[in-house]
Amino acid sequence: MMIRLGVVVALSVLLVLPAEGAVRVTATPSSLRQGDTGALVVTGVPDAKVIEGSVGERPLIFFPYADGYAALIGVDLAAPAGQTPWRVGWVDATGNPRKAAGTLRIRSRKFPVQKLSLPGNMVDLDRATEQRANKEAAQLNTLYSMVSGERLWRGHFTRPVASTGPGDGFGARRIINGKPRSPHSGLDYSAPTGTPVVAANRGRVALIGDFFFGGRTVAVDHGQGLYTLYMHLDRVQVAEGALVERGETIGTVGSTGRATGPHLHWGVQLRRARVDPEGLLALPVRD
């Protein structure tokens with residue numbers, strides 16, 4: 001039996017359910033923009049043996065939540081605006097496959113334009129430096145492709161550094177020395193060298209590196225494809241493989257790598273989607 005449910009304005013839902021089913025699928029928040037983080041919440045399937053799904057081409061990984069299941073949605077900063085398909089599938093207690101499908105509306109977002117001037121050798125790279133930068137980018141891309149099934153994060157996310165002002169620059173279209181470059185995929189927090197940098201939530205230190213662009217970098221794996229990155233550090237105070245708790249110091253602010261002054265670059269990747277770190281601070285799904 002096919003049932004159409006009015007759930008939220010930005011989420012159209014088409015469910016294929018048993019006659020006695022009372023399945024509900026909701027997106028929270030109800031409207032998502034480029035770079036936003038949200039969640040798809042499924043209720044009414046308490047005895048599901050398996051539950052999986054996707055939004056667009058990005059897989060969803062569900063975890064028990066309240067009286068149902070939830071999965072984080074990451075909208076890449078360059079995702080096209082418009083209707084994006086989603087689907088959810090599960091196996092009920094009797095072993096029968098069930099499914100739900102619909103569309104989620106992604107709204108466009110206006111990003112700032114930043115014009116920067118840097119020394120020429122940090123922009124027009126020589127061959128050896130370009131090869132180094134490409135190798136480091138490949139290393140990070142390999143990391144983002146690794147998705148652990150366990151969810152390590154719990155509760156709210158916290159700001160990683162004490163700063164006199166808000167983080168800025170996410171999604172900025174950067175023009176460096178008059179040439180357009182890739183959009184800025186994180187938030188920059190200005191702070192004095194040596195300011196403690198803390199883990200935004202519970203997770204495992206997945207990578208420590210000294211990169212051309214990012215300088216001293218720590219990547220924390222929070223599970224299920226969610227990573228936070230802390231760049232331009234002066235010192236690193238954790239080891240790869242260590243389990244860190246929310247608020248635990250992992251390093252200090254610096255100006256290593258391609259930086260014009262001391263600051264923290266805080267980035268977030270959610271199953272390879274570049275999302276605004278501010279969205280984690282207001283994540284609608286909590287324990």
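The model is predicted: local features need pLDDT of at least 70, side-chain atom pairs count only at pLDDT 80 or more, and totals for chains, interfaces and linings use all residues. Residues are numbered from 1 along each chain as its sequence is written, and side-chain values use heavy atoms, with hydrogens and water left out.

**Stop 1: the open sheet**

Select β12, β13 and β14. These 3 strands form an open sheet in the order β12-β13-β14, with mixed pairing. Strands here are DSSP runs (E, at least two residues) and helices are runs of H or I with at least four residues, numbered from the N terminus. Two strands pair if DSSP finds at least two bridges between them. The edges are β12 (113–116) and β14 (179–180), each pairing on one side only. Now pick β13, residues 173–176: its pairing with β14 is antiparallel, over 2 bridges. I175 stands opposite P180 in β14.

**Stop 2**

Move to β18, residues 215–223. Of its 9 residues, 8 are buried (buried is under 20% relative accessible area, exposed over 50%, partly exposed in between, with a 1.4 Å probe and protein chains only). Show I208, whose bridge partner in β18 is V218.

β18 and β19 run antiparallel, joined by 6 bridges. V220 has T228 in β19 as its bridge partner. Then find Q224: in this hairpin, with 2 residues between the strands, Q224 takes a positive phi near 60 degrees.

**Stop 3: the largest pocket**

The largest pocket holds about 1,500 Å³ of space. A pocket is an open set of points on a 1 Å grid over the protein atoms alone, where a 1.4 Å probe fits, with protein on both sides within 12 Å along at least five of seven lines; lining residues have an atom within 4 Å of a point. Select H184, S185, F213, R258 and H265, the closest to its centre of the 46 lining residues. Then select α1 (127–144), one of the elements that give two or more residues to this lining. α1 gives the largest share, 8 residues.

**Stop 4: the second largest pocket**

About 300 Å³ of space lies in the second largest pocket. Select V55, G56, E57, R58 and A79, the closest to its centre among 18 lining residues. Finish on β10 (82–91), one of the contributing elements. β10 gives the most to this lining, with 3 residues.

How values were computed
Points joined across faces, edges and corners; volume = space filled by probe spheres on them.
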